[in-house]
Amino acid sequence: MSGLSRFRGSADGIAGAAVLALLAIVAIAAPVLSPGDPLNIVGAPLTRPFEAWATPLGTDRLGRDVLAMIVHGARTSLTVGLAAALVAIAVGSAVGTLAGLMGGWIDEALMRVTEAFQTVPGFLLALAFVSTVGPSLAAIVVAIALGAWTGPARLVRAEVLSIRERDFVASARVIGMHPLAIAWREVLPHALPPVVALASVIVAGAILTEAALSFLGLGDPNRATWGGLIAEGRSVLRSAPFLSIWPGLALVVTVLGVHLTGEGVVAALALRRSQA
Amino acid sequence: MTAPAIEARGLRKTFRSGSRTVAALDDVSLTLAPGETLAVVGASGSGKTTLARALMRLFDLDGGSVSLRGRDLLALSGAALRAERRHLQMVFQDPAAALNPRATIGRVIEDPLRVHSIVPASRRRDAVSGLLARVGLPADLADRPVHALSGGQRQRVAIARAMATQPAVLVLDEPVSALDVSVRGQILNLLMDLQREDGIAYLFISHDMGVVRAVADRVAVMAAGRIVEAGHTATVFASPQAAETRALLDAVPHLPPRPADEVSR
């Protein structure tokens, strides 16, 4: 409760949450805002922005509505960003909790695997995975999570190492609680707050990675994506720069919104910690 | 003589940090009869908390044996150990640290009932209310978060949690030393009442000889991981043998009688 009020006290957090809320509404209402397939041809090719009422942001080389593609692209970006972050945090938390609680050779083995993943650049990993499995939304989510789970894993492990020494964990063992129940009910909830703060970085990174994959033609070909739009406009960058600028702006605003929201979350958590 | 509630023989535990080794427990033996209170006293670092945690199997011993109600506790592991734990419970020194700060009072007390399937889910709320009443707390506290309580109330909750499984032995690790002096007496009285009603054996860890004299049937004095003196409370207090016992007794503050004029003023 008081964490929420501290979040409201952070100007960054408010601004970020407002941007994200707007984007979420656009993404959810995309079929209403611009009905039909955004990849349909609706007008003359390369209409300039603000020239035609039907296509306020202009059309691309094939005569497709840029605004419609950006609105639908918001769905892809937010879905992939959130889903990839969720998968990365879930996998990372599980690995980190297991390593921190079990210790011994299990800890050693899990940490070596984590380090092995960390030595490979996340984008390279995603690139390799998508080009092997083929571009689909699920494959892109997994590909991004593949490079992003190590951060939460190490963070959760470090938290668990200190939490497991606390008396309330000993008390749970004393009453005979199952080790998995102790991990899930007693330890993990206390290890998560710093991971929540890290989540904004992961979401922003995931959105950018998705855009980069789409830019390289490894996005889902049946969906409008911001990265795909930027790539599409690249060949006519001199004559029609707006084709790349609009989706680029959407990307900047989204990532900024995620980061600002993250700042608000950090402010709320930091104050709670200093009070505890 | 009745069979002991818990019996420990020759407990050993050595901690290593780098090249330094510390014998935290050095051939410690003790016996506790049902309904009896044995106080383990000693200065800081004498190994009394290590003894408490070793008996609770919170870490592995290097040697020795523990028999709980006639069963070899150290031979158990996994599910068998978890099941046996209901007969041996513990109250920690600092109730602020020993209760999950995110839990509600109800959950803290319900956990042991659920883990050992003592009360069916439908009647657990009533059971929690009953346990709260036994430790002198109102039933409507069940929905409150742990952090909303005072230290004394939290320790009552911790006692209710430990009593929930109706254990044969309760290990009390300095149960009142983290509390305000004003509530210590109440908690001690509560513990004595519960013991009288249920016949639980108490292993009472403390460094406060004043408290020990009030609650213990027998006393064992620890120093450097060994029991240096043991006997009935009255005997030990009347004629302490070991130097460590005398040091602990001397540490109890004695106020000299005040001059008459100051009292009358």
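At what angle do helix 6 and helix 11 of chain A pack, and how far apart are their axes? View 1 gives the answer. This is a predicted model, where local features need pLDDT of at least 70, side-chain atom pairs count only at pLDDT 80 or more, and totals for chains, interfaces and linings use all residues. Residues are numbered from 1 along each chain as its sequence is written, with chains lettered from A and ligands numbered from 1 in the order in which they are written.

**View 1. Helix 6 (residues 122-133) of chain A packs on helix 11 (residues 193-215) of chain A.** The angle is about 50 degrees, and the axes lie 11 Å apart. Axes are lines fitted to C-alpha atoms, for helices over the stretch in contact; angles run from 0 to 180 degrees between N-to-C directions. Helices (H or I, at least four residues) and strands (E, at least two) are DSSP runs, numbered from the N terminus. The two helices are therefore oblique to each other (under 35 degrees is roughly parallel, over 145 roughly antiparallel, 65 to 115 roughly perpendicular, the rest oblique). Phe123(A), Ala126(A) and Val130(A) of helix 6 meet Thr209(A), Ala212(A) and Leu213(A) of helix 11. Contact means C-beta atoms, placed from the backbone, within 7 Å. By class, five of these residues are nonpolar, one is polar and none is charged (nonpolar: Ala, Val, Leu, Ile, Met, Phe, Trp, Tyr, Cys and Pro; charged: Asp, Glu, Lys and Arg; polar: the others, Gly among them).

**View 2. Chain A touches chain B through 13 residues of chain A and 20 residues of chain B.** On the chain A side, helix 9 (167-174) and helix 10 (179-191) each supply at least two residues. Helix 9 of chain A gives the most, with six. The chain A side holds six nonpolar, three polar and four charged residues.

**View 3. Six strands of chain B form an open sheet of mixed pairing, in the order 6-7-8-3-9-10.** Strands pair if DSSP finds at least two bridges between them. Strand 6 (88-91) and strand 10 (226-232) are the edges. Strand 3 (residues 37-42) and strand 8 (residues 201-206) of chain B pair in the parallel sense over five bridges. Val40(B) has Ile205(B) as its bridge partner in strand 8.

**View 4. Helix 4 (residues 105-115) of chain B is mostly covered.** Eight of its eleven residues are buried, among them Ile105(B), Glu110(B) and Leu113(B). Buried means 20 or more other C-beta atoms within 10 Å of the residue's own, exposed 12 or fewer, partly exposed in between, with C-beta atoms placed from the backbone. The buried residues pack against helix 5 (124-134) and helix 6 of chain B. Ser117(B) follows helix 4 of chain B, with a positive phi near 45 degrees.

How values were computed: Two residues are in contact if their C-beta atoms, placed from the backbone, lie within 7 Å.
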